[in-house]
Amino acid sequence: MIDLRSKVLGDQALPDVSELIQQGREKAAYWTVGSCAFLEHYGVSSEFEYKENSILQGRVMRHAQIGYRSIQKTCTAYREIFEHLQLQGCTVDRYGICLDWSMGYPQDERPTRPTGTGLILDSCDSYAQLTAQAPVAPHFGDFVMGMPAAFDNTSAALSAGATSIGNLGQYFTFRLPGWDDDVATTAETIKAIALCAAQPVPVLIHSNLDDGFAALFTDLACALGAVLLEQHIVDGLLGARSSHCYGHTYSEPLARLAFQRALAEVSKTPGTMVYGNTTLYGSEATPNYAGLGSYLLIDALAQMLRPSGHAVNPVPVTEARRIPDIEEIVDAHLFADRSIERARGFTSLIDIEHVDEAAAKIVSGAKQFKDNILAGFEKGGIDIRNPLEMLLSIRRLGARYLERYFGPGKADPGNPAGRKPVFLASTISELERQASTCIDALSDEQKYYLGNQDLKICVATTDVHEYGKLLLENVFTRLGISTVDGGVCTDPEDLVARFQTEQADIIAISTYNGIALDYLHNLQTELLKTGLQNTRIYIGGKLNQIADSDSPTHDDLPVDVSQQLLAAGATPCPGIEDMLLDLCTAPSRITVESAHRHSPLENPAGD
């Protein structure tokens, strides 16, 4: 048996978890759930109570995402979305507040840390200012729990009346740039959960599975198994109430409905929300309505057939291109309201027995996955009754290791995870579909050319969103192009070191959180230090960034920086097909640069 403890925890001295729990509980005397417009208007003590009431009333709840960089615009959105929908006879029940990733750092370090495009709240008063705008449940779901600043951010959110706080899923997969102290992050998270557990009213510890391991498992049973593991830690060991979200990557209707029913079976609390299936969206808004309508129908039917408390989330059809504005969010909710009304006529058309057969497989596999992990951890010397050791071990081992060594499926060397899935995750089937679309758009000559150039491409992400990287690797592998794993949320110096060690030819970057231009500049600085300044760089994803405050057009909204990226020497790619076509039309440039890069170079920086 592998000495798992030595492999994962080593001889590192860890904090006393009982002291961390006690510290969190004691602070409940100072930090408690405050009042807000939502709690006052509905006369409830928590969103937990509101959700239970809505389930009894047969209501399908609605969730909207807001969080512009400007606190003023976010407050306006908080108020106006509710008012516009109310005039139309519609209700939005909860808001997910998109905080900036820099909020995850300790407050005294934020001025020197990189920022994205989200909202930055600098005081408890700013939290309370936001939640006072309209009677909508505040959901602080990103960069609060599971971050280095987890305890401080959770305290502020509670005081502003929030009773749904996350995102624990981010703890397992997110790494803030330049921050490597996962023990401190874990300690702050445990203190934050203990603080919530000690509140006089139920506080939902939110976890978005798609931000955790669900997007990386090939088996949907493992995704549900992650829920059971989080319940073991959050509910069983820390005495709090875990609540889960899913949806971003659940594209297959059967999988989406079966997972909802499986999750409802194992959950002890109402769910937070079911997120929109954003992987269905392309760059054009009008075709995206087909995706919006398809997943909303499934999600509405799911809540009608077996209410689980998840609020449905109509993502504006412009989401793939930019941060949606207020009017676009309102339009999506009006669309959802009518869709929910029309969905009631479809309930009798669902073959629920077939769906429940699939759900039963997922539940059975999930329980086996959880049992395998707990048994394996215990045999390997990890204390499964210690939430600090459990959290650290799961995070450090990662999704691929956990599925390969503890997954419920039979061994299958031909599968990327080493096992045959009990129920294939939608992420995998959707990746295959999108990869096939990209490849099918190429001519036979282009496919042949790309597969015979002996290219090696280093693929990385600037942030924690890995879907684009997985898609790139899938496409390149199927075309016969070698890839190098440049990492997720990789700091520029680490990416260059990996690129140089593996003697790759090209760097391909997937980015999301509004740092495209800054990241490119830092990457080019590191390449210059090693004499690799002629490296060809492709960059795709959300190519935006907050404009400089001195700009006359500055309004705290991110702007497209594609032209600036191009001027700086990179090749911006709205889609993977743009990169593939460019590779086909620049053969001499690639060949010359590759040969130059693999030869000894004079270091112009003198290092």
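Me: What makes the meeting of helix H5 and helix H13 a described crossing, and how is it characterised?

Reply: The axes of H5 (residues 71-87) and H13 (residues 326-343) come within 10 Å and cross at roughly 30 degrees. Axes are lines fitted to C-alpha atoms, for helices over the stretch in contact, and angles run from 0 to 180 degrees between N-to-C directions. Helices (H or I, at least four residues) and strands (E, at least two) are DSSP runs, numbered from the N terminus. This is a predicted model, in which local features need pLDDT of at least 70 and side-chain atom pairs count only at pLDDT 80 or more, while totals for chains, interfaces and linings use all residues. Residues are numbered from 1 along each chain as its sequence is written, and side-chain values use heavy atoms, with hydrogens and water left out.

Me: Which residues of H5 and H13 make the contact?

Reply: On H5 they are Lys 73, Thr 76, Ala 77, Glu 80, Ile 81, His 84 and Leu 85, and on H13 they are Ile 326, Ile 329, Val 330, His 333 and Leu 334. Contact means heavy atoms within 4.5 Å. By class, seven of the residues are nonpolar, three polar and two charged. Here Ala, Val, Leu, Ile, Met, Phe, Trp, Tyr, Cys and Pro count as nonpolar, Asp, Glu, Lys and Arg as charged, and the others, Gly among them, as polar.

Me: Why are H2 and H9 called oblique to each other?

Reply: The axes of H2 (residues 17-26) and H9 (residues 182-197) cross at roughly 45 degrees and come within 7 Å. Angles under 35 degrees count as roughly parallel, over 145 as roughly antiparallel, 65 to 115 as roughly perpendicular and the rest as oblique. H2 and H9 are therefore oblique.

Me: Which residues meet where H2 packs on H9?

Reply: Val 17, Leu 20, Ile 21, Gln 23, Gly 24 and Arg 25 of H2 meet Ala 187, Ile 190, Lys 191, Ala 194 and Leu 195 of H9. This contact has seven nonpolar, two polar and two charged residues.

Me: What makes helix H7 largely enclosed?

Reply: Buried means under 20% relative accessible area, exposed over 50%, and partly exposed in between (1.4 Å probe, protein chains only). Eight of the ten residues of H7 (residues 150-159) are buried, so H7 is largely enclosed by the rest of the structure. The buried residues include Phe 151, Asn 153 and Leu 158. Among the elements covering them are H2, helix H6 (124-131) and H9.

Me: How do you know whether Ser 54 is buried or exposed?

Reply: Ser 54, in helix H4 (residues 47-57), has 2% relative accessibility and therefore counts as buried. Ser 54 touches Arg 59 and Met 61, not counting residues up to four places away in sequence.

Me: Why is Lys 370 classed as partly exposed?

Reply: Lys 370 has 23% relative accessibility, so it counts as partly exposed. Lys 370 lies in helix H14 (residues 352-379). Lys 370 and Leu 229 are 141 residues apart in sequence and 6.1 Å apart in space, C-alpha to C-alpha.

Me: What is noted about phi at Asp 454, and why is Asp 454 called exposed?

Reply: Its phi is near 55 degrees, a positive value in a residue other than glycine. Most residues other than glycine have a negative phi. Asp 454 lies in the loop between helix H17 (444-451) and strand E9 (456-461). At 72% relative accessibility, Asp 454 therefore counts as exposed.
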